[in-house]
Amino acid sequence: MDLDVVNMFVIAGGTLAIPILAFVASFLLWPSALIKIYYWYWRRALGMQVCYAQHEDYRFCYSFRGRPGHKPSILMLHGFSAHKDMWLTLVKFLPKNLHLVCVDMPGHEGTTRSSLDDLSIEGQVKRIHQFVECLKLNKKPFHLVGTSMGGNVAGVYAAHYPSDICSLSLVCPAGLQHPKDSQFIQQLKELKDSATTEKIPLIPSTPEEMSEMLQLCSYIRFKVPQQILQGLVDVRIPHNNFYRKLFLELVSEKSRHSLHQIMDKIKAPTQVIWGKQDQLLDVSGADVLARSIANCQVELLENCGHSVVMERPRKTAKLIVDFLTSVHNTDSKKLD
């Protein structure tokens, strides 16, 4: 082989080796950075743009796709210790002609975190209403989606601001009194009896605890590499003190059953989606909502845990679009 050709292959091989080595080094040494790049990539791929909205001295961070049109806009509220990007798996299967808005909840990710903030469900509802007003999202009634803690907030919001909402999707929402305790609630009772709040299952500080949390939240057993578990922990650790403060507020007398206490005041057509194998919040909560909300339909997903959006994104997207179609009689792009 000609020496120039050999040199060309050596140079080409060296050029390719640089990004490969950089990727491997990032994976091994800075897995948290890789996770951030992953979310950045998927936001771009799905056409989600990140923006900020200001209410006085408070800043909201959100992502959006599309513009308000004749179909209802969709506002999505994430759960405890998550962020706006958790919805990307769902966004992937939603029609591109819908106006989507995913906001970081108070104190999470890019939204302002203040020691003076009211982190109760009622306090978060007021903040989300400020956000809605900032974007003038309620110029026309919109569809509200919330999961877990975000579902609690969404349900209470719908009761407090009925004119803002045209319809509601609650995905395994918190804030209910369940006829049956879940595995998680049983663990909380044990923690309460032992008078310790240091080891809360939803606030991991090691890769092992992160793995346990993922198993608690999902029925599907994802095989997550150790380095990714470490990256997920690294991303969360700086925020764990805040998460602990928020969690204690959410399980306090003021917020624990916020949705339960007001669910009969929800007038908007409501959809409840719940994983049958939810170990965090027992699926019996779906029947509680169905008995109390006049216009309510329930969808129970087989072989699915608490992380419905992560475990069954395609099915969840189809259920939401079909629900919007049936309620608002609008044309929708069929989902496979």
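Colleague: The expected span of a helix is taken as 1.5 Å times one less than its number of residues. In this predicted model, what distance does α5 reach from its first C-alpha to its last?

Modeller: Helix α5 has 12 residues, and at 1.5 Å a residue the expected span is 16 Å.

Colleague: What distance separates the end C-alpha atoms of α4?

Modeller: Helix α4 covers residues 121–135. Its 15 residues should span 21 Å at 1.5 Å a residue. The model agrees with this, since the end C-alpha atoms of α4 are apart by 21 Å.

Colleague: How are α4 and α5 oriented to each other, roughly parallel or roughly perpendicular?

Modeller: The axes of the two helices lie 9 Å apart. The packing angle between α4 and α5 is about 70 degrees, and angles of 65 to 115 degrees count as roughly perpendicular. The two helices are therefore roughly perpendicular.

Colleague: How many residues of the contact of α4 with α5 are nonpolar?

Modeller: On the α4 side the contact is made by I121, E122, Q124, V125, I128, H129 and V132. On the α5 side it is made by M149, N152, V153, V156, Y157 and H160. Of these residues, 1 is charged and 4 are polar, and the number of nonpolar ones is 8.

Colleague: How many residues of α5 are buried?

Modeller: Residues count as buried under 20% relative accessible area. In α5 these are M149, G150, G151, N152, V153, A154, G155, V156, Y157, A158 and A159. The cover over them includes the helices α4, α9 and α10 and the strands β3, β5 and β6. Helix α5 is largely enclosed by the rest of the structure, because of its 12 residues the number buried is 11.

Colleague: Which residue follows α4?

Modeller: Within α4 the buried residues include G123, R127 and F131. The residue after the helix has a positive phi, near 55 degrees, and is K136.

Colleague: Where does T270 lie, and what is its relative accessibility?

Modeller: T270 belongs to strand β7, residues 270–275. Leaving out residues up to four places away in sequence, T270 touches L168, L170, I293, N295, C296, Q297 and F323. T270 counts as buried, because its relative accessibility is 1%.

Colleague: What is the C-alpha to C-alpha distance between I35 and V235?

Modeller: I35 sits in helix α2, residues 31–46, and is buried with a relative accessible area of 10%. Beyond four places in sequence, I35 touches I228, G231 and L232. I35 and V235 are 200 residues apart in sequence, yet their C-alpha distance is 8.7 Å.

Colleague: What share of contacts in the chain between residues at least 6 apart joins residues at least 24 apart?

Modeller: The chain comes to 13 helices and 8 strands, and 48% of its 336 residues count as buried. Among contacts between residues at least 6 apart in sequence, the share joining residues at least 24 apart is 73%.

Colleague: Which stretches have a pLDDT under 50?

Modeller: The chain averages a pLDDT of 88, and 87% of the residues score at least 70. One stretch below 50 has 11 contacts beyond near neighbours in sequence, and another under 50 has 12 contacts beyond four places in sequence. Where pLDDT is low, the predicted coordinates should not be read in detail. These stretches are residues 1–29 and residues 331–336.

Key. Residues numbered from 1 in each chain as written. Predicted model: local features only at pLDDT ≥ 70, side-chain atom pairs only at ≥ 80, totals over all residues. Heavy atoms only, no water. Axes fitted to C-alpha atoms, helices over the stretch in contact; angles between N-to-C directions. Helix = DSSP H or I, 4+ residues; strand = E, 2+ residues; numbered from the N terminus. Parallel < 35°, antiparallel > 145°, perpendicular 65-115°, else oblique. Contact = heavy atoms within 4.5 Å. Nonpolar A, V, L, I, M, F, W, Y, C, P; charged D, E, K, R; others polar. pLDDT = per-residue confidence, 0-100. Buried < 20%, exposed > 50% of the residue type's maximum accessible area, 1.4 Å probe, protein only.
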